[in-house]
Amino acid sequence: MLQPDIRYTKVRWLLTIAGVFLYVGDIWTDIVLAVKYFQEDQYVWTGFTVMFILIGLLVTQIFSYAWYWDDLNDPLLNPEGKKEISDMSKPGLVVLHAFGFGIFTRYAIKITAFMRPQEVHKKLFCVATDLSMLKLFETFLESAPQLLLQLYILLGHNEILYTCLSVAFSFCNIAWSLVDYRRCLRRSLPYIREMPSGLPTAIYLLYKIFTITSLILSYSLLLILSIYTTVALTVLWLLATIWTHLLETKFCSSRSLEFLYRAVAGVILTFTFFNVKGQDTKVVMTTYYIFYTVINIMSPSLMALLKPELQTSTLLLTISGLICGCSVLGLVCLILYYVHLHLRRVQREEDEVDDPGKETKSLARIKNFLKP
């Protein structure tokens, strides 16, 4: 059961179009950069740029195909037991995902369904929820690492034009994916109020942008200080993945896919806090942001101590100021959102009973890892 306000409005349709352009623009700028680096004989930068594009693309196609397969066996989305889902056969799905068109297919379904009946709109929110999750995965597997790489190149090697363009698209894609993910998941859960437009959405967006920006800038400074920071980042990812595994998440229908999800969650936790399993996160979130604050203090401090010639550098002072400012603003927005603007459960009717058998697998995935 979804929330009552379930119709795709013209604004939501336009936002979907904008999401497509951001997604395509982000990948296109990264491809242009990879070609540019290759022409300049910068093969290491080329390799990393292409690697992040391919990892994000591959993982999202795997999840997208698996979820389409789940939908084929879902009695709510496929009550007649057809061998097609969204007018696509199983071989067609294989071909589409093999060529990387899984996300584009989901976008096409949302865009072309704008004028369909209300009941179809209800099912579309399940499609929208899956799409928002896939975009979240793609964002932190491709856009966030790409942003870190391009900032390292920009700050350490003075590569300007296309690098700045790639950085701008990555920032926009990250911000868009986070807000779309948050709003879509809350909208899909029947007893959680949808995140209102306006101030709550703006504060949540600012909280995520400021905290992620400061952390990525800190990572960039540490990478400039020593390339072996990549080892430390890998250790952070492994620790986050192990922690996710110890929580025994149940997000996916298969064990192998669940391990992949836990690895993806580890990547996301490297860049921002993520409620891995539907549980009370107050203590965990506090611990995470204490560690986050330590990193943001440590990175400019180490840069100043180990490279004293840069202590009066305009670049170091600017980046340090941005890290400090974004850290403070991010934490302020975090507290403001969760104390004053975070909406909880809506009131249930007294005689209403949950029936897990009457929810789609898309909603089951949401309930398995999100708790208000």
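Trainee: Which residue lies over the face of Tyr 68?

Mentor: That's Arg 106, at 4.0 Å from the ring centre. A charge sits over a ring if NZ of Lys or CZ of Arg is within 6 Å of the ring centre and within 35 degrees of the ring normal. Before we go on: this is a predicted model, where local features need pLDDT of at least 70 and side-chain atom pairs count only at pLDDT 80 or more, while totals for chains, interfaces and linings use all residues. Residues are numbered from 1 along each chain as its sequence is written, and side-chain values use heavy atoms, with hydrogens and water left out.

Trainee: How many aromatic pairs does a search of the whole structure find?

Mentor: It finds 23. You describe a pair of aromatic rings by the distance of the centres and the angle of the planes. Rings of Phe, Tyr and Trp (its six-membered ring) pair if their centres lie within 6.5 Å; planes under 30 degrees apart count as stacked, over 60 as edge-to-face and the rest as tilted. Take Phe 137 and Phe 251: the centres are 6.3 Å apart and the planes at 70°, so this pair is edge-to-face.

Trainee: Where in the chain do Phe 137 and Phe 251 sit?

Mentor: In distant parts, 114 residues apart: Phe 137 is in helix α5 (residues 118–157), and Phe 251 is in the loop between α8 (229–246) and α9 (255–271). Helices here are DSSP runs (H or I, at least four residues), numbered from the N terminus.

Trainee: Is Phe 137 buried or exposed?

Mentor: Buried, with a relative accessible area of 1%; Phe 251 is buried too, at 2%. Buried means under 20% relative accessible area, exposed over 50%, partly exposed in between (1.4 Å probe, protein chains only).

Trainee: What about the rings of Tyr 289 and Tyr 292?

Mentor: Their centres are 5.3 Å apart and their planes at 80°, so they are edge-to-face. An α-helix has 3.6 residues a turn, so residues three or four places apart point the same way. Tyr 289 and Tyr 292 are three residues apart in helix α10 (residues 282–306), about one helical turn, and both are buried. They also belong to a cluster linked by ring pairs, whose members include Tyr 204, Phe 273 and Tyr 337.

Trainee: Which residues touch the most other members of the largest nonpolar core?

Mentor: Phe 63, Phe 140 and Phe 274, in a core of 75 residues. Such a core is a set of buried Ala, Val, Leu, Ile, Met, Phe, Trp, Tyr and Cys residues joined through side-chain atoms within 4.5 Å. Its largest share, 16 residues, comes from α5.

Note on methods. Helix = DSSP H or I, 4+ residues; strand = E, 2+ residues; numbered from the N terminus.
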